[in-house]
Amino acid sequence: MFENFKVYETEFAGRPLVIETGKMAQLANGECLVRYGETVVHVAVTASPKPREGVDFFPLSVDFEEKLYSVGRIPGSFLKREGRPSDKAILTSRVIDRPIRPLFPKDMRNDVSVVCTVMSVDHDCSPEIAAMVGTSIALSISDIPWKGPISGVSVGYVDGQYVINPTSEQRKVSQMAVTVASTETRIAMIEAGANIVSDEVMYNGIMAGHEANQKIIAFIKGIQAEIGKEKFSYPSNEPDEEMLNAIKEFALEDVKLALDTDDKNVRDARLKPIYEKVHAKFDEIYPDQEAKIDECMYKTQKYIVRRWLLDEQKRVDGRKMDEMRPLAAEVSLLPRVHGSGMFTRGQTQVLTVATLGPVSDAQILDGIDEEETKRYIHQYNFPSYSVGETKPSRGPGRREIGHGALAERALVPVIPSVEEFPYAYRLVSEVLSSNGSTSQASICGSTLALMDAGVPIKAPVAGISCGLITEGDRWMTMVDIQGVEDFFGDMDFKVAGTHEGITAIQMDLKIDGLTPEIIKEALEKTHKARNYILDEIILKTIPAPREKLSKYAPKMFSTLIPIDKIREVIGSGGKIIQKICAECDVKVDVEEDGHVYVSGLDAENCQRALTIIDTIVNDPEPGAIYNGKVTRIMDFGAFVEIAPGKEGLVHISRLDVKRTEKVTDAVDVGDEVMVKVLEIDDKGRLNLSRRDALIEVEGLKPENEISDAPRRSFPRRDDHRHDDHRRSDRPRASNGFIANTNKPRGSKS
């Protein structure tokens with residue numbers, strides 16, 4: 001039945017890679033099923049038969065579709081089906097898009113769709129890498145014009161050794177996670193996160209990935225040679241040479257004058273009448289070709305900018321190739337937020353706001369990988385006014401999600417561990433003005449906001465971009481590209497890091513790849529630039545994290561309790577923990593490993609909550625003083641609850657500093673009283689004294705010395721209610737009052 005069915009096998013980083021094609025999705029232009037270990041991804045590529053009208057770009061879409069059945073899970077939504085793609089799926093789609101897009105013909109306007117469906121996941125064999133390889137194969141054997149193949153690998157760094165496509169366990173201890181995509185001769189894409197590694201370690205890792213890609217590229221070329229289809233022809237969107245030369249000659253000098261400024265608004269205002277003049281002259285000469293006339297104007301601007309850079313070493317704003325735009329930084333702009341920082345680079349300006357929360361505020365992830373939560377969240381917003389446009393906001397797009405993830409990846413390595421600083425973080429970068437490199441400005445603004453919030457980060461992080469212009473064998477790089485250089489250039493090489501090393505890289509290309517020499521120079525230039533930003537801007541604005549948190553930030557305390565005591569702290573149906581939260585105005589989170597996190601705006605309330613938890617899981621020590629509540633009154637004394645499930649007797653002789661005839665003369669049910677623990681008897685019952693607490697804490701003097709009369713803490717008759725209340729296997733009750741001991745155990749802020 002499947003006469004075109006083919007199977008191809010090879011080894012990929014020590015695991016079997018099996019490609020099946022010719023059985024599934026036979027109506028697609030190209031398809032394959034990738035089996036990498038037990039990971040299975042199906043890739044289908046299609047192209048529209050006709051170009052899309054009225055567009056001046058190549059309409060490519062890449063979708064990485066996570067199916068929860070691939071990891072044996074049912075979606076948690078009401079509909080029980082996958083909804084919008086997760087952030088991880090969107091980021092993977094972008095990682096696949098970036099290396100394949102430059103290899104399509106620039107003048108093609110046919111819609112092309114790539115759909116990667118994840119059907120089974122073996123966490124030791126990355127579905128993202130399988131999808132990238134599958135995309136390359138499906139495009140290579142299809143009839144869609146494309147100058148591939150490419151291959152992609154993940155590179156880890158474990159115990160000083162580079163690991164290609166690390167396993168799940170290796171990823172947990174790896175010092176970097178770098179995805180490298182390559183063509184046969186060049187490096188086409190880099191996406192990296194790292195734990196502050198040196199430029200040399202990063203460079204060598206990229207080269208190791210490039211070398212590993214060559215085996216898979218040869219494998220794909222063998223498949224393409226055997227079953228690849230002839231590429232279809234398409235109507236070119238390129239204007240003919242006659243039109244291009246005529247418009248360039250007519251507008252060249254005017255466009256030069258318009259571009260020669262560092263102000264985007266001035267440049268746009270100067271270009272508008274030139275466009276109008278060009279259309280007034282050439283619309284009649286070339287009827288119904290307005291889009292091609294605009295394309296000629298784009299090429300004219302590109303020609304000028306690239307000639308200035310390559311031939312005259314001139315940038316549109318007059319800077320040198322290694323010179324940055326004017327920089328500025330501010331902190332504490334917003335009084336009520338937990339931390340804020342604004343970073344300005346030329347006409348690019350980003351304000352980042354930091355919000356601290358309890359660890360339970362960590363984001364829950366519902367995807368196919370092993371990461372279930374994250375406590376550091378970075379979000380990036382790009383409103384239309386930031387580029388002087390007018391359009392409604394419709395939520396974050398793929399670009400916003402990608403830039404937020406890049407900033408998140410850059411800062412995660414310097415965030416203190418949950419043991420050192422038990423908080424969850426949400427940072428939001430608001431782009432106020434955009435003229436290039438907003439993602440890197442958001443990294444700088446986020447460092448400022450974190451330090452302003454008092455987060456003890458390990459080191460400040462800065463981000464900077466490097467551009468590229470190529471022509472044949474000639475090439476040159478420049479630091480801190482602004483919008484026009486990004487628009488007409490060949491590369492946006494973004495690098496973030498500390499003084500010591502790199503934390504994140506993202507490389508966008510418009511050409512088919514980079515040589516090792518270009519990558520090495522880009523790393524050197526960005527390292528020098530980010531050191532300048534750190535020393536001259538960030539650290540001069542705020543030399544160190546604030547010593548104190550904002551008064552509006554929650555105060556966080558933590559302790560560790562025995563796992564077998566968790567049930568007692570939570571209580572039946574959560575009654576005890578809810579009571580603690582209500583009475584102390586705090587939030588309490590108990591982890592499965594026994595870690596307890598208490599957060600609230602008032603540090604004293606947090607400490608009170610910690611003390612009651614400590615009292616629940618540990619027997620009170622004789623001599624400790626507590627604030628408690630009177631729960632019952634007997635003729636012989638009052639029962640006082642010092643913590644949920646911790647009740648003791650204050651004998652009538654110990655109720656006050658003066659002689660007490662009736663218990664109700666001193667206390668009544670519901671009164672809050674201060675008591676001191678005298679002893680714990682052999683049955684685990686507490687003997688308490690209000691008298692001793694008043695003398696010791698408030699300095700009161702007894703009116704008459706109390707004789708050493710029989711100090712019977714409990715009546716001779718059995719008080720069944722009292723005994724039952726103290727059985728160790730009985731669920732604890734809570735009245736929410738907090739111990740006031742001056743020796744809380746196991747807590748830290």
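I began with Ser93, which is found in helix 1 (residues 87-100); helices here are DSSP runs of H or I with at least four residues, strands are runs of E with at least two, and both are numbered from the N terminus. Before going further I noted that this is a predicted model, in which local features need pLDDT of at least 70 and side-chain atom pairs count only at pLDDT 80 or more, while totals for chains, interfaces and linings use all residues. I also noted that residues are numbered from 1 along each chain as its sequence is written, and that side-chain values use heavy atoms, with hydrogens and water left out.

I looked up the accessibility of Ser93 and found it buried, with a relative accessible area of 2%; buried means under 20% relative accessible area, exposed over 50%, and partly exposed in between, with a 1.4 Å probe and protein chains only. Setting aside neighbours within four places in sequence, I listed Val62, Asp63, Phe64 and Arg398 as the residues in contact with Ser93, where contact means heavy atoms within 4.5 Å.

**Entry: the chain as a whole**

I recorded an average pLDDT of 90 for the protein chain, with 94% of the residues scoring at least 70; pLDDT is the predictor's confidence in each residue, from 0 to 100. Over residues 706-749 the pLDDT is below 50, and I noted that this stretch has 106 contacts in the model beyond near neighbours in sequence.

I counted 16 helices and 29 strands in the protein chain, and along the principal axes the C-alpha atoms fill a box of roughly 115 × 65 × 45 Å. Of the 749 residues, 54% are buried. Among contacts with a separation of 6 or more, 71% come from residues 24 or more positions apart.

**Entry: aromatic rings**

I searched the whole structure for aromatic pairs and found 14; rings of Phe, Tyr and Trp (its six-membered ring) pair if their centres lie within 6.5 Å, and planes under 30 degrees apart count as stacked, over 60 as edge-to-face and the rest as tilted. One of these pairs is Phe250 with Phe282, edge-to-face, at 5.6 Å centre to centre and 80° between the planes. This pair links distant parts of the chain, since Phe250 is in helix 5 (residues 241-259) and Phe282 in helix 6 (residues 264-282), 32 residues apart. Phe250 counts as partly exposed at 29% relative accessibility, whereas Phe282, at 4%, counts as buried.

I then turned to Phe421 and Tyr425, a stacked pair at 6.4 Å centre to centre with 20° between the planes. Phe421 is buried at 10% relative accessibility, and Tyr425 is buried with a relative accessible area of 1%. Both belong to one aromatic cluster, formed by Tyr376, Phe421, Tyr423 and Tyr425.

I also checked for charges over rings, which requires NZ of Lys or CZ of Arg to be within 6 Å of the ring centre and within 35 degrees of the ring normal. The charged end of Lys248 sits over the ring of Tyr303, 4.1 Å from its centre, and the charged end of Arg399 sits over the ring of Phe382, 4.2 Å from its centre.

**Entry: His378**

I placed His378 in strand 16 (residues 376-381), where it is buried with a relative accessible area of 5%. Its side chain makes a polar contact of 3.5 Å with the side chain of Tyr376; a polar contact is a pair of N or O atoms within 3.5 Å, and within protein one must be able to donate a hydrogen and the other to accept it, with residues adjacent in sequence counting only if both atoms are side-chain atoms. I found a polar contact between the side chains of His378 and Ser446 as well, at 3.3 Å. Leaving aside neighbours within four places in sequence, the residues in contact with His378 include Gly404, Leu427 and Ser446.

**Entry: the annotated binding site**

I took from UniProt (unreviewed entry) the annotation "binding site" on Asp486 and Asp492; such annotations may be inferred rather than shown by experiment, feature names are shortened, and positions are given in the numbering used here. Asp486 lies in helix 10 (residues 483-488) and counts as partly exposed at 27% relative accessibility. Asp492 lies in strand 20 (residues 491-497) and counts as buried at 8%.

Not counting residues up to four places away in sequence, I saw Asp486 touch Ile481, Asp492 and Lys510. For Asp492, the contacts listed with the corresponding exclusion include Ser465, Ile481, Asp486 and Asp508. A polar contact of 3.4 Å joins the side chains of Asp492 and Lys494.
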